Amino acid sequence: MCRQQYNDNEIRRFVNFITDNFKQREIVEIRAIGVSEVLEDNNIIKYDEPVNYAGYFKNIDELIKELHKISVATSIYFQLNRTNISNFDRSPNKMSKSIKCASEEFVDNREIILIDLDPERDFKGPSTKEKHKQSYDVARNIAKYLHDEGFKEPIICSSGNGTHLYYKVNINKDKENTTLIKNFLKTINRWNDHRDIKVDCGVFDVARICKLPGTVNCKTDYKDIDENGKLNKRQLEHRMAKVLYYPEQFENTDIETIKTITVGSQDEETEEYNVGEDNIESQELRTHEMIAWLEEEGHGYIKVVNKEK
């Protein structure tokens with residue numbers, strides 16, 4: 001855990017972008033995990049054992065105000081898919097301790113597919129700067145290939161440790177489609193031959209929560225903190241989750257396109273789809289293709305990506 005920091009503009013822009021592009025979303029679900037200190041009515045409350053907070057918001061100003069009450073927490077999350085309006089009364093426009101959060105039963109529809117590129121490491125602390133960048137490079141290559149196969153442009157986010165691709169969809173949350181998304185992620189993972197960056201194949205559930213841009217990813221093993229509460233030297237810094245790219249038009253990728261990609265993955269010969277670093281020749285080719293694609297009029301990745309200082 002670490003002391004949270006909030007970029008209000010980043011939070012506001014992301015939440016507004018999501019609600020503007022998903023008109024049926026009436027509320028936004030926020031969760032604070034591993035909370036050990038909060039500020040309530042100018043009083044500091046500390047917990048010996050970490051607790052969880054959550055809230056359901058219709059008002060972005062209330063959301064940001066309530067987040068600032070969470071002083072120390074492992075991470076702040078948002079619900080990836082649309083939460084049913086009936087959940088609002090559980091904690092309306094406020095963060096509350098230990099409330100029951102929305103399970104799959106209370107999520108209306110699958111609106112976003114998450115591809116999570118996660119650096120491999122032998123501890124739960126922050127990834128190195130090198131691996132963090134590598135996750136972004138692999139994510140861009142995956143986005144390039146999917147774009148060529150008919151996928152629409154994704155939101156690209158830094159989770160603080162790795163990189164997320166968010167694809168807009170409109171898919172029922174039934175068992176068949178859950179299996180489809182599960183197999184789709186396995187397909188992407190088979191394409192990726194990078195030694196240190198892996199596709200998380202376990203993020204197919206419709207009730208998935210993700211790091212909220214504008215908040216700090218504070219996942220850390222207790223063993224990685226010294227007696228003074230500082231990170232051990234082998235680790236770098238906790239990073240803020242942030243959006244690296246917003247598409248000008250956040251459009252649905254249709255389910256048939258997803259099925260085509262997934263069905264095609266059943267072939268044994270998958271080397272031509274590798275997007276990692278081990279296949280050096282094809283990787284260098286794809287890097288040049290990606291740079292050209294990023295610079296094309298209308299994509300604008302180069303112009304809007306916030307490079308890490």
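How many residues does helix α3 have, and how far does it reach from its first C-alpha to its last?

**Ground rules.** I'm working from a predicted model, where local features need pLDDT of at least 70, side-chain atom pairs count only at pLDDT 80 or more, and totals for chains, interfaces and linings use all residues. Residues are numbered from 1 along each chain as its sequence is written, and side-chain values use heavy atoms, with hydrogens and water left out.

**Helix α3.** I looked up α3 and got 20 residues, 129-148, reaching 29 Å, close to the 28 Å expected at 1.5 Å a residue. (Expected span is 1.5 Å times one less than the number of residues; helices are DSSP runs of H or I, at least four residues, and strands are runs of E, at least two, numbered from the N terminus.) After α3 comes Gly-150, with a positive phi near 110 degrees.

**Cavities.** I found two of 30 Å³ or more. A cavity here is a set of points on a 1 Å grid over the protein atoms alone where a 1.4 Å probe fits but cannot get out, and lining residues have an atom within 4 Å of a point. Volume is the space filled by probe spheres set on the points, which are joined across faces, edges and corners.

I see 14 residues lining it, with Ile-18, Arg-25, Val-28, Phe-78 and Gln-79 nearest its centre. α1, β2, β5 and β6 each supply at least two residues of that lining.

**Asn-109.** (Buried is under 20%, exposed over 50%, partly exposed in between, using a 1.4 Å probe and protein chains only.) Its side chain makes a 2.7 Å polar contact with that of Asn-170. (That's a pair of N or O atoms within 3.5 Å; within protein, one must be able to donate a hydrogen and the other to accept it, and residues adjacent in sequence count only if both atoms are side-chain atoms.)

**Positive phi outside glycine.** I noted Asn-42, with phi near 65 degrees, in the loop between β2 and β3. Asn-42 is exposed at 72%. I also noted Asn-93, at about 55 degrees, in the loop between β6 and β7. Asn-93 is partly exposed at 21%.

Notes:
On a 1 Å grid over the protein atoms alone, a cavity is a set of points where a 1.4 Å probe fits but cannot get out, and a pocket is an open set with protein on both sides within 12 Å along at least five of seven lines; lining residues have an atom within 4 Å of a point.
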